[in-house]
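Subject: Structure for your files

Dear colleague,

Please find the structure below, with notes on what turned up in it.

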Amino acid sequence: MVKKPKPEPDIYLKVIKDSNINPKKTIIIEDSIVGVQAGRAANIVVIGLTAGGHWYKERSSQELIEAGAYTVAKNYKDLLK
């Protein structure tokens with residue numbers, strides 16, 4: 001669908017354009033470093049999510065913060081906060 005995959009912002013820019021949504025009123029929820037980097041490269045606020053099975057106990061959510069996430073939620077209920 002796009003020429004360049006994440007961490008390039010192309011996928012997010014395409015979705016925004018195709019959906020005709022306002023990027024200033026958009027939040028991306030990502031569970032990977034490259035996903036956070038892609039969202040930030042598209043100039044969109046990114047919230048990290050560590051609810052997936054690949055987020056084992058010893059893995060730090062700080063990875064997503066360092067990649068550019070605004071904040072990190074540990075589960076889907078936390079996203080609502």
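Lys-81 is exposed, at a relative accessible area of 79% (exposed is over 50%, buried under 20%, partly exposed in between; 1.4 Å probe, protein chains only). The side chain of Lys-81 meets that of Asp-78 in a salt bridge, 3.6 Å from N to O (a side-chain nitrogen of Lys or Arg within 4 Å of a carboxyl oxygen of Asp or Glu). Asp-78 is partly exposed, with a relative accessible area of 25%.

This is a predicted model, in which local features need pLDDT of at least 70 and side-chain atom pairs pLDDT 80 or more, while totals for chains, interfaces and linings use all residues. Residues are numbered from 1 along each chain as its sequence is written, and side-chain values use heavy atoms, with hydrogens and water left out.

The structure holds four salt bridges. One of them joins Lys-6 and Glu-30, at 2.7 Å from N to O. That pair links distant parts of the chain, 24 residues apart: Lys-6 lies in the segment before helix 1 and Glu-30 in strand 1. Lys-6 is partly exposed at 34%, whereas Glu-30 is buried at 6% relative accessibility. Another is between Arg-59 and Glu-63, with the closest N and O atoms 3.2 Å apart. Arg-59 is partly exposed, with a relative accessible area of 23%, and so is Glu-63, with 26%.

On the fold: there are four helices and three strands (DSSP runs, H or I of at least four residues and E of at least two, numbered from the N terminus). Along the sequence they follow the pattern α-β-α-β-α-β-α. Buried residues make up 28% of the 81.

Helix 2 (residues 33–41) has Gly-35, Val-36, Ala-38 and Gly-39 buried. Seen down the axis, the buried residues of helix 2 fall within an arc of 160°, so they line one face (the arc is of directions from the helix axis to the C-beta atoms). They pack against helix 1 (10–19), strand 1 (27–30), strand 2 (45–49) and helix 3 (62–67), a contact being heavy atoms within 4.5 Å. At the start of helix 2, a side-chain oxygen of Ser-32 comes to within 3.0 Å of the backbone nitrogen of Gly-35. After helix 2 comes Asn-43, with a positive phi near 60°.

Regards

Notes. Polar contact = N/O pair within 3.5 Å; in protein donor to acceptor, adjacent residues only side chain to side chain.
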